[in-house]
Amino acid sequence: MSLFDILGPVMVGPSSSHTAGAVKIGYISRQLLGENIRKAQIDLHGSFLATGAGHGTDKALVAGLLGMKEDDIRIPDSFRIAREREMEICFGKVNLKNAHPNSVRLKLHGISGRELEIIASSIGGGQIKICKIDGLEANFSGDYPTLVVHNLDQPGHVTEVTSMLAHKGVNIATMQLYRNHRGGDAVMVIECDQEIPMASVEWLRRLEGITKVTYLSKIEKEEK
Amino acid sequence: MFQSVEGMLQLGEEKGLPLWRVVMEDDMIDRSVTEEESFEMMTQMYQAMKEADEGYDKDLQSSSRLVGGDGAKMEQAIGEGKVSSGTFIGKVMARAIKMGESNACMKRIVAAPTAGSCGVIPAVLISMEEKDGYSQQKMIEALFVSAGIGEVISERASISGAQGGCQAEIGAASAMAAAAVTYLKGGSSRQIADAAALALKSLLGLVCDPVAGLVEVPCVKRNVIGAVNAITSSDMVIAGIESRIPADEVIDAMGEVGSLLPCSLRETSQAGLATTPTGLEVTERMTGNGFD
């Protein structure tokens with residue numbers, strides 16, 4: 001919490017959790033996909049489903065997926081803008097196990113064919129958590145440049161990734177490791193203090209045993 | 001982040017700095033920014049508040065159709081000389097309602113400290129500036145004072161309705177605004193703290209019971225009591241009246257009351273106004289309008 005979390009932020013109403021947080025979930029998800037979205041399946045859970053319509057949660061999520069921030073006055077118009085940009089949107093409902101009441105599952109298809117499934121929660125005051133990526137634990141805030149590497153659970157992959165970061169002068173802020181079972185699918189989630197060069201992210205994508213690399217850049221690429 | 005109002009006042013005394021500067025310098029360290037950057041950021045917040053105030057649209061309606069147009073009614077009544085509480089308080093009331101309505105209608109506002117309580121601080125400060133003609137510099141300083149009080153409330157208690165009920169939102173906003181007005185009126189640091197204490201005391205126990213879970217009823221109109229209470233609290237202090245309970249202790253009491261409130265009265269819409277027959281009717285109607 002900074003002083004301007006108390007007096008601020010500037011945002012489109014009515015709710016920091018159901019509106020501003022929802023915009024942020026959409027925005028971070030689009031950044032994670034790394035390209036414009038062709039089709040989005042949006043499944044709402046809990047309080048997002050129950051009171052979301054009255055809070056504009058649906059419009060807010062779509063606005064974020066279009067690349068808008070929480071203070072963008074076009075948020076109420078996001079459905080129209082999505083139609084103009086030929087972004088296909090489907091809403092549904094889902095009952096996610098053990099999820100925060102303000103949660104959503106997004107299935108995103110990018111314009112070049114990239115796909116991403118995200119489960120995210122709005123945890124209050126406009127703060128969010130990306131809980132899962134493609135069904136595997138993720139658990140990060142989206143406030144830092146974040147690298148998510150999916151790999152086979154075998155020795156050496158953590159070293160490959162962390163050596164690359166060291167070589168590029170990127171300091172690790174936090175690091176988490178998960179796997180579904182021994183020798184199965186594993187994931188590392190690394191929040192960094194600096195941006196990772198895109199060439200290095202691409203290099204990781206080509207390594208054997210690494211199945212998917214998702215990178216959240218905090219460099220602003222706002223769409224107009 | 002300051003842990004106590006007392007600590008904030010002491011630091012000011014030790015360094016020989018006014019309260020607003022103590023708060024600003026803390027922000028400079030916290031975000032590693034310069035004096036100019038910190039001051040500019042607060043200036044932008046005030047600018048955004050003013051734009052939101054001027055951008056009010058009386059024709060907008062919220063999605064539930066419960067909210068919209070009331071700010072304009074209030075203004076009209078002031079114009080016709082019908083308001084018992086006088087023109088100044090009338091204007092404060094109108095601004096508080098307008099901002100709350102703008103928020104409910106998906107317009108851009110400044111969460112201060114929350115979106116639901118976004119009308120309190122701008123209603124008070126913009127109306128004070130209009131009445132007494134303070135400089136821009138002075139207004140921004142007042143905002144730093146209010147943010148400092150908000151910081152302590154957030155640290156020691158809460159500024160979230162889900163955690164502490166409405167007292168943590170409208171109550172906190174009212175205390176923050178009371179501190180700012182007292183600063184504008186030339187009150188001492190002690191009086192600033194006392195005004196915040198008085199304002200919060202008067203709203204202690206206020207529950208969060210929004211109809212259909214929306215930031216509309218009773219949130220919009222509660223911004224009025226938060227704003228008016230800030231001004232009367234400051235007036236008491238300027239008249240020489242003291243808060244018998246120090247600010248930090250009042251904030252702790254608010255935190256305690258908040259944690260003692262049943263879950264049903266903390267933004268879950270399971271009791272209070274939300275479950276009145278009329279409240280339930282609206283909920284029923286909104287569910288029909290939902291995603292199902």
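In which order do the strands of the open sheet of four strands in chain A run? The order is β9-β10-β8-β11, and the pairing is antiparallel. Strands pair here if DSSP finds at least two bridges between them. Helices (H or I, at least four residues) and strands (E, at least two) are DSSP runs, numbered from the N terminus.

This is a predicted model: local features need pLDDT of at least 70, side-chain atom pairs count only at pLDDT 80 or more, and totals for chains, interfaces and linings use all residues. Residues are numbered from 1 along each chain as its sequence is written, while chains are lettered from A and ligands numbered from 1 in the order in which they are written.

**The sheet of chain A**

The edge strands are β9 (172-179) and β11 (210-216) of chain A, and each pairs on one side only. Neighbouring strands are turned by 10° against each other on average, direction ignored. Inside the sheet, β8 (residues 146-152) and β10 (residues 185-192) of chain A run antiparallel and share seven bridges. Asn151(A) has Ala186(A) as its bridge partner in β10(A). Helix α6 (residues 157-167) of chain A lies across β8, β9, β10 and β11 of chain A. The helix runs at about 20° to β10(A). Axes are lines fitted to C-alpha atoms, for helices over the stretch in contact, and angles run from 0 to 180 degrees between N-to-C directions.

**Chain A as a whole**

Chain A has seven helices and 11 strands. Its C-alpha trace spans about 50 × 35 × 35 Å along the principal axes. A compact globule of 224 residues would have a radius of gyration near 17 Å, and chain A agrees, with 17 Å. That radius is taken over C-alpha atoms, and the globule rule is 2.2 Å times the number of residues to the power 0.38. Of the 224 residues of chain A, 45% count as buried. Buried means 20 or more other C-beta atoms within 10 Å of a residue's own, exposed means 12 or fewer, and partly exposed lies in between; C-beta atoms are placed from the backbone. Among contacts in chain A between residues at least 6 apart in sequence, 66% join residues at least 24 apart. A contact needs C-beta atoms, placed from the backbone, within 7 Å.

**Where the chains meet**

The contact takes 39 residues from chain B and 32 residues from chain A. On the side of chain B, the elements that give two or more residues are α2 (19-30), α3 (35-54), α5 (87-104), β1 (108-110) and α7 (136-156). Of these, α7(B) gives the most, with six residues. By class, this side has 21 nonpolar, 12 polar and six charged residues. Ala, Val, Leu, Ile, Met, Phe, Trp, Tyr, Cys and Pro count as nonpolar, Asp, Glu, Lys and Arg as charged, and the others, Gly among them, as polar. Strand β1 (residues 10-12) of chain A and β1(B) run antiparallel, joined by three bridges. Met11(A) has Ile109(B) as its bridge partner.

**Backbone details**

| Cis peptide bond | Omega |
|---|---|
| Gly8(A) to Pro9(A) | about 0° |
| Gly13(A) to Pro14(A) | near 10° |

Pro9(A) is in the loop between α1 (3-6) and β1 of chain A. Pro14(A) is in the loop between β1 and α2 (16-33) of chain A.

Positive phi values also occur in residues other than glycine. Asn139(A), in strand β7 (residues 136-140) of chain A, has phi near 60°. Asn139(A) is partly exposed, because 14 other C-beta atoms lie within 10 Å. Glu267(B) has phi near 65°. Its loop runs between α12 (247-260) and α13 (277-288) of chain B. Glu267(B) is buried, because 26 other C-beta atoms lie within 10 Å.

How values were computed
Two residues are in contact if their C-beta atoms, placed from the backbone, lie within 7 Å.
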